[in-house]
Amino acid sequence: MTYTARREFLLEKAMCLAEKISILGLTYSSLARYSRVTPQLIQYYFSSNQILRREALKYALAKKNMSVIIQGFVLKPPLLPNKELGKFKANLITYLTKNL
């Protein structure tokens with residue numbers, strides 16, 4: 001599996017796990033157990049748990065997974081930097097206006 005494909009696989013698993021247990025419950029060890037890989041492999045792709053959560057949230061944003069996106073929206077401080085938070089809020093507002 002290529003670097004990009006493995007990273008995409010881990011992000012997909014991270015998004016699914018965050019949906020099940022919460023974005024804050026997403027750690028190297030929880031994702032490793034869920035994905036059936038070693039925590040060291042997760043660390044190779046994501047240098048900290050904070051970065052893992054941030055990348056999982058960005059992935060959820062790209063995939064329009066609202067249950068994970070909303071978790072990221074209510075966290076204080078937010079997981080996303082200010083530049084990305086604007087895009088995040090715009091997508092959330094678009095989703096809510098179309099689906100409510």
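Colleague: How many helices and how many strands does the secondary structure of the chain come to?

Modeller: Six helices and zero strands, where helices (H or I, at least four residues) and strands (E, at least two) are DSSP runs numbered from the N terminus. This is a predicted model, so local features need pLDDT of at least 70 and side-chain atom pairs count only at pLDDT 80 or more, while totals for chains, interfaces and linings use all residues. Residues are numbered from 1 along each chain as its sequence is written, and side-chain values use heavy atoms, with hydrogens and water left out.

Colleague: What makes Glu55 and Arg7 a salt bridge?

Modeller: The term asks for a side-chain nitrogen of Lys or Arg within 4 Å of a carboxyl oxygen of Asp or Glu. The closest N and O atoms of Glu55 and Arg7 are 3.2 Å apart, so the pair is a salt bridge. It links distant parts of the chain, with Glu55 in helix H4 and Arg7 in helix H1 (residues 3-21), 48 residues apart.

Colleague: What is Glu55's other partner, and how do you know that they form a salt bridge?

Modeller: That's Lys58, with the closest N and O atoms 3.1 Å apart. Both residues lie in helix H4, three residues apart, about one turn of the helix.

Colleague: Why is Glu55 called buried?

Modeller: Buried means under 20% relative accessible area, exposed over 50%, and partly exposed in between (1.4 Å probe, protein chains only). Glu55 has 17% relative accessibility, so Glu55 counts as buried. Arg7, at 23%, counts as partly exposed, and so does Lys58 at 28%.

Colleague: Why does Tyr34 count as partly exposed?

Modeller: Tyr34, found in helix H2 (residues 28-35), has a relative accessible area of 26%, so Tyr34 is partly exposed.

Colleague: Why is H4 called oblique to H5?

Modeller: The axes of helix H4 (residues 49-63) and H5 come within 8 Å and cross at roughly 130°. Angles under 35 degrees count as roughly parallel, over 145 as roughly antiparallel, 65 to 115 as roughly perpendicular and the rest as oblique. The angle therefore makes H4 oblique to H5.

Colleague: And where is Phe73 found, and why does Phe73 count as partly exposed?

Modeller: Phe73 is found in helix H5 (residues 66-74). Its relative accessibility is 34%, so Phe73 counts as partly exposed.

How values were computed:
Axes are lines fitted to C-alpha atoms, for helices over the stretch in contact, and angles run from 0 to 180 degrees between N-to-C directions.
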